[in-house]
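Hi there,

Here's the structure I promised to pass on. Have a look at it first, and then read my notes below.

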Amino acid sequence: MTTRIRGADILVRALDGAGVGKVFTLSGNHIMPVFDAVLGTGLQLVHVRHEAAAVHMADAWARLTGKCGVALVTGGPGHANAVGALMTAQAAESPVVLLSGHAALRELGRGGFQELRQADMAAPVTKASWTATSTATLGADIARAVRLATSGRPGPVHLSLPFDVLEDAIADDPSLQPPPSAFITEPQSLGEAGAEAALAALAHAQRPLILAGPALCSASGRALLARLGSATGVPAVGMESPRGINDPSLGAFAEVLARADLILLLGKAHDFTLRFADPPFVDAACRFIVIDPDAALIERVAKEKGSRLIASSIADAAAAAEQLVARAASVRMLATAWGTEVVHAVSYRPPAWRTLTSSQPGKVHPVELCRAIAPVLEHHPDAVLVCDGGEIGQWAQTLPFSRRIINGVAGSIGASLPFAVAARLAEPRAPVIAVMGDGTFGFHMAELDTAVRYDLPLVAVVGNDATWNAEHQIQLREYGPNRTHGCELLPSRYDLVAAALGGHGEFVTSVGDLSPALERAIASGKPACVNVMIERVAAPVMKRV
Ligand SMILES: Cc1ncc(C[n+]2csc(CCOP(=O)(O)OP(=O)(O)O)c2C)c(N)n1
């Protein structure tokens, strides 16, 4: 007798086969067959309080584990809620698959429940976006989605799942499950000639720089960049912030960038983060090499820089970096003193910060906040630091710590609590510290409930200035102190929100109370909020002169 199998079971089997592990989800009519199919399998559902949070969690999971992150949401409004969060994953080059329930194929055009052109809606924020058309090909759809998300420049992929495609049962057959090879693609390799050309050009430059994009800004990506830097003698810098060359993590990097005579863009988009590599940010005579998985991004540099683009190759950034490391020994680099100069610039932090104290009673300066967090990170190299929010997120990014997740090039605030929940799942032992603004905390505060339900201790450190301060600072600068409005918040007790949801709360108004409060929050073993009243100051600007 032939066994019959539902589309939902084929889907779950394929996800299991992909080694996905966890699926971040929020229930809904269209996807209940999938919830049912998960029972008794190796997949774990993590059910959350907002669909965007499910995507943010899948994103953070992917960034920390290097595996594909999967979010599963219901059709129509559930899908619409999830789509916005894909932009953050896209700009962070994070491999995420968004699976959304969908009106049944047999109801389309007839006014089906929550019928929506979902694939069209997700298309601009994904590498590929489509709707499944048959039960028999669902396994192949999943393999394609995972393969696309994780290959080339990693990024999000969307697949809509019509209800009848999930519900229909067909005769089971081994061919319904794609082979392991269907989930992966061989990396695009740099090739001997491409590697030699890049290394030779770097060796002859006086002040070369290698710039990498977000895909190489994970802890392992940064370790690879460090190896690339020492193998070639050319400083290799990862860029993942919307503040680009002024990212406070990069210290006084803008000063050395302006003096570079050759820039190798290694999977780093030529874009606003580099101020389009125009003078005075980049020298008018600076030459470029581009190694990138996307021909369109190479084309962009050719158009922008003309003959100053001296070499280019289509290749995946990580694979290319490994190939450059392997071949670097054969090349004599001239750039050692320059390399030291770049390292000093990037690690620069104003000396005055060591002793800076708040001048406002009842408030802590963001520098003091970072000084209190630094020892926790030093004692726990496996900790995860999450930085989010406007100005306070920039201060937190000055902490020199590579196992971190920031909101990223999309410049979207609000993901930090979902990020922290996923970080705790990826790192069950060391502390997860998420620094965010008070405005930011409000986006996904209900995810503290998710953390409580799944017993995931994390520490949300809220820099509470009762303001959407980044925008307030723009008003101050551009329109003057008499025209600031529409950016005020209340000095709310977010710590009590955490306590009300079953977590731990700390309220801090003086620097002396900060470290003990952090320690108590970590020791509580609960999801915690340390609500710190801070001064309303602008993000740091790192100028050495
Ligand atoms: C999704 C999204 N909405 C709005 C903005 C614009 N924005 C950037 S920073 C910011 C203020 C953030 O306030 P808060 O989290 O309190 O941090 P602060 O700037 O006060 O340190 C806003 C509204 C954005 N970047 N992303």
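**Around the ligand**

Three helices, α15 (391–396), α17 (438–441) and α19 (469–479), each supply at least two residues of the shell around the ligand. Before you go further, keep in mind that this is a predicted model.

In total, 17 residues surround the ligand, and the closest are Gly 411, Gly 439, Thr 440, Asn 469 and Ala 470. Sorted by type, the shell has 4 nonpolar, 9 polar and 4 charged residues.

Now for some backbone contacts. Glu 391 has a backbone N or O atom 2.9 Å from an oxygen atom of the ligand, and for Gly 390 a backbone N or O atom lies 3.3 Å from an oxygen atom of the ligand. Over at Ile 413, a polar backbone atom is 3.2 Å from a nitrogen atom of the ligand. Taken alone, the ligand exposes 590 Å², and the protein buries 78% of that.

**A helix with a bend**

Next, find α4, which covers residues 77–91. Where does this helix bend? Look at Gly 84: α4 bends there by about 30°.

Quite a few α4 residues are buried, among them His 79, Val 83, Leu 86 and Thr 88. What do the buried residues of α4 pack against? Their partners include the helices α3 (51–65), α5 (118–122) and α16 (416–426), along with the strands β4 (69–73), β5 (96–102) and β7 (157–162).

One last thing to click on: α4 is followed by Glu 93, which has a positive phi, near 55°.

Cheers!

Notes: Residues are numbered from 1 along each chain as its sequence is written. This is a predicted model: local features need pLDDT of at least 70, side-chain atom pairs count only at pLDDT 80 or more; totals for chains, interfaces and linings use all residues. Side-chain values use heavy atoms; hydrogens and water are left out. The bend at a residue is the angle between axes fitted to the seven residues ending there and the seven starting there. Helices (H or I, at least four residues) and strands (E, at least two) are DSSP runs, numbered from the N terminus. Buried means under 20% relative accessible area, exposed over 50%, partly exposed in between (1.4 Å probe, protein chains only). Contact means heavy atoms within 4.5 Å. A residue is near a molecule or strand if one of its heavy atoms lies within 4 Å of it. A polar contact is a pair of N or O atoms within 3.5 Å; within protein, one must be able to donate a hydrogen and the other to accept it, and residues adjacent in sequence count only if both atoms are side-chain atoms. Accessible areas come from the Shrake-Rupley method with a 1.4 Å probe; for residues, only the protein chains shown count as cover. Ala, Val, Leu, Ile, Met, Phe, Trp, Tyr, Cys and Pro count as nonpolar, Asp, Glu, Lys and Arg as charged, and the others, Gly among them, as polar.
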